[in-house]
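Colleague: I am new to this structure and would like to learn how to read it. Could we go through a few features in turn?

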Amino acid sequence: MSGSRSQAADGLEARDGAATRLQAADGDVLLDVRDLSVVYESAGQTAVQAVDHVSFQLKKGEFVGLVGESGSGKSTLGYALTRLQKPPARTNGGNIVFAGHDIRDLDDEALRQQRQGGFAMVLQSGMNALNPVRTIRNHFIDIFKAHGHVPRDRWDARMQELIGKVKLPVSMLARYPGELSGGMRQRVSIALALSLEPRLMVFDEPTTALDVLVQHAVMDTIIELQRTEGFTAVLISHDLGIVLEATERVLVMHEGRIVEDNDSKSILRDPQDEYTQMLLSHYADPRAEVVSLPGFPDRSQRSVSRQETTSSFATVGSRERSAAENPIVVDDLVKTYAPPRRGEDPVRAVRDVSFTLEPGQSLALVGQSGSGKSTIAKMLTGVEKPTSGTVRFGDLDVARLGRRGLRDLRSEVQMVFQDPYAALNPLHTVEYTLTRPVVNYTGLTGRDARRRVLELLDTVGLTPVEQFAQKLPHQLSGGQRQRVVIARALASDPQVIIADEPVSMLDVTLRAGVLALLEDLREQWGVSLLYITHDLLSARLITDDIMVLHDGAVVERGRTAEVLQNPQDPYTIDLLDAVPNPRRALAEGRL
């Protein structure tokens with residue numbers, strides 16, 4: 001990343017000496033973690049050791065990355081460092097020495113005093129971290145009242161100063177969280193944490209599910225603030241690419257332990273631990289001549305093409321699984337929403353979009369948040385009606401369908417949703433979740449319906465199928481949940497699958513598995529795939545063609561590899577430049 005990121009790099013000249021700096025005098029050490037362990041203990045369940053005898057030090061003004069997959073213990077460690085962990089989590093060993101004082105056993109009042117000028121944490125989800133019924137101004141006031149560190153006559157000036165530091169206009173103070181984009185909410189969370197003037201800031205997955213341009217902007221803001229404010233920073237992320245580009249030193253965490261601790265250049269050039277090597281192997285440049293991930297070869301090297309594949313999967317029901325037959329034809333599609341506030345202009349979310357999704361085709365719809373791609377998906381499935389223009393599925397005009405017609409459409413056009421945690425009812429088993437669409441769309445009942453459910457689980461790779469059928473969502477990993485969501489979409493034997501950001505919330509290794517599954521299903525079942533994403537690497541891996549959306553309009557389209565290797569529109573170039581690429585950053589001297 002350029003701009004403030006390169007400035008941050010200029011101010012941090014001794015990356016190669018990170019390991020040496022750990023041996024500096026005690027006066028240079030802000031945080032000293034010694035043999036720390038955290039356990040989760042729930043009644044009636046086996047205790048889980050989430051953090052297992054971890055030790056490390058952080059110097060004053062240092063910017064350190066903490067990276068690992070979901071379940072590695074990294075967020076639990078972040079909560080422990082800032083004393084935000086709650087039952088069933090419990091620190092069961094070790095010390096957390098902050099500025100020379102062990103903070104493990106501080107009472108609530110001492111902890112409140114320590115937070116002012118001490119440490120703060122920016123949580124993963126900007127929406128969940130903010131109160132939806134209070135304005136941003138009131139969020140600042142709540143902090144000022146709780147800590148008493150800002151005189152009342154300075155409240156307005158201080159909150160305006162803080163909101164300006166994260167590059168938001170003062171008008172944001174009058175808004176509610178629901179009126180802000182994901183990137184804006186994350187910037188507000190950073191400003192609220194800054195209000196305590198902390199010496200240590202812990203950022204927990206601050207860019208998860210944000211598109212690449214917003215991700216780029218948020219990370220540049222964090223890097224510039226760390227440089228100008230001088231606080232020590234810990235960046236927690238499952239994305240090693242982001243961490244390597246942003247931080248000077250990286251701690252790699254796996255199964256509750258730190259398996260590697262080194263400066264960013266050394267991690268990139270010569271990773272020592274097999275787990276670190278595996279994480280690095282899941283990165284590639286979408287602009288490269290050949291793009292592949294472990295277990296996911298480049299499309300051009302596959303021996304079987306889409307035209308050569310035939311489906312061998314037969315349902316237990318009334319019809320055999322056949323390839324898609326009907327195209328989706330979108331013609332001059334426009335969607336305009338009413339002004340969000342009085343005196344503001346209407347929002348034109350989609351502007352004169354036309355395309356055809358041919359039977360068996362895989363098409364990527366790419367753009368940042370607010371580009372209109374998810375709105376298009378809603379109009380394709382009949383959830384939203386267009387302001388003008390048409391969406392046709394075969395001979396059907398989707399906008400004119402009634403309730404029965406929409407039900408029939410949705411047996412042929414199915415969605416895979418972005419958030420695998422919100423897409424499943426936490427009270428229903430996997431079998432119940434899959435049985436409902438099987439019964440509703442295929443007419444199968446009893447043993448036939450159960451057999452169909454088990455076949456679906458086998459199709460998406462959840463085996464042994466009998467065990468997974470009885471699990472509840474909380475007993476599944478993120479990747480397993482997304483496979484259940486895909487199985488539910490397949491239950492009606494659809495001709496078209498619309499996958500809306502299906503891997504944006506998953507770890508890099510889980511992403512590869514879900515992408516490979518979507519690709520295999522497309523080839524084996526012959527379905528059409530509309531893949532909605534801001535992730536250009538995943539679009540390169542699994543789609544034939546691509547359309548780039550910006551402000552609701554198509555700015556570029558063509559064969560996926562050709563567009564990404566030779567982009568013509570400035571917006572496409574910006575998207576590609578924003579993709580984290582630590583190897584390119586190293587080659588260009590920015591790392």
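Modeller: Let us begin with a term. A salt bridge is a side-chain nitrogen of Lys or Arg within 4 Å of a carboxyl oxygen of Asp or Glu. Keep in mind that this is a predicted model.

Colleague: Which side chain of opposite charge is nearest to E69, and how far away is it?

Modeller: That side chain is K74, at 8.7 Å. The limit for a salt bridge is 4 Å, and E69, although buried, has none.

Colleague: Where does E69 lie, and which residues is it in contact with beyond its neighbours within four places in sequence?

Modeller: E69 sits in the loop that runs between β3 and α3 (74-81). Leaving aside those neighbours within four places, its contacts are K74, Y275, M278, L279, D507 and T509.

Colleague: How many helices and strands does the protein chain have?

Modeller: There are 23 helices and 20 strands. Of the chain's 591 residues, 53% count as buried. Taking contacts between residues at least 6 apart in sequence, 70% join residues at least 24 apart.

Colleague: How should I read a sheet?

Modeller: Strands of a sheet pair through backbone hydrogen bonds, either parallel or antiparallel. Here, six strands make an open sheet with mixed pairing, in the order β6-β7-β8-β3-β9-β10. Its edge strands, β6 (119-122) and β10 (257-263), each pair on one side only. On average, neighbouring strands of this sheet are turned by 15° against each other, direction ignored.

Colleague: How many bridges join β7 to β8?

Modeller: Five bridges link β7 (residues 200-204) with β8 (residues 232-237), and the two strands run parallel. Within β8, L235 is the residue opposite F203.

Colleague: Which strands does helix α9 touch?

Modeller: Helix α9 (residues 212-229) packs on the sheet and touches β3 (63-67), β7 and β8. The direction of α9 makes about 140° with that of β3. Another helix, α12 (residues 274-281), lies across β9 (249-254) and β10, at about 105° to β9.

Colleague: What should I look for in the side chains of a strand?

Modeller: In a regular strand the side chains alternate between the two faces of the sheet. Take β16 (residues 413-416): V413 and M415 are on one side, Q414 and V416 on the other, and all are buried.

Colleague: Which residue of β17 stands opposite M415?

Modeller: M415 faces I498. Strands β16 and β17 (residues 496-500) run parallel and are joined by four bridges.

Note on methods. Residues are numbered from 1 along each chain as its sequence is written. This is a predicted model: local features need pLDDT of at least 70, side-chain atom pairs count only at pLDDT 80 or more; totals for chains, interfaces and linings use all residues. Side-chain values use heavy atoms; hydrogens and water are left out. Buried means under 20% relative accessible area, exposed over 50%, partly exposed in between (1.4 Å probe, protein chains only). Contact means heavy atoms within 4.5 Å. Two strands pair if DSSP finds at least two bridges between them. Axes are lines fitted to C-alpha atoms, for helices over the stretch in contact, and angles run from 0 to 180 degrees between N-to-C directions. Lys and Arg count as positive and Asp and Glu as negative; His and the chain ends are not counted.
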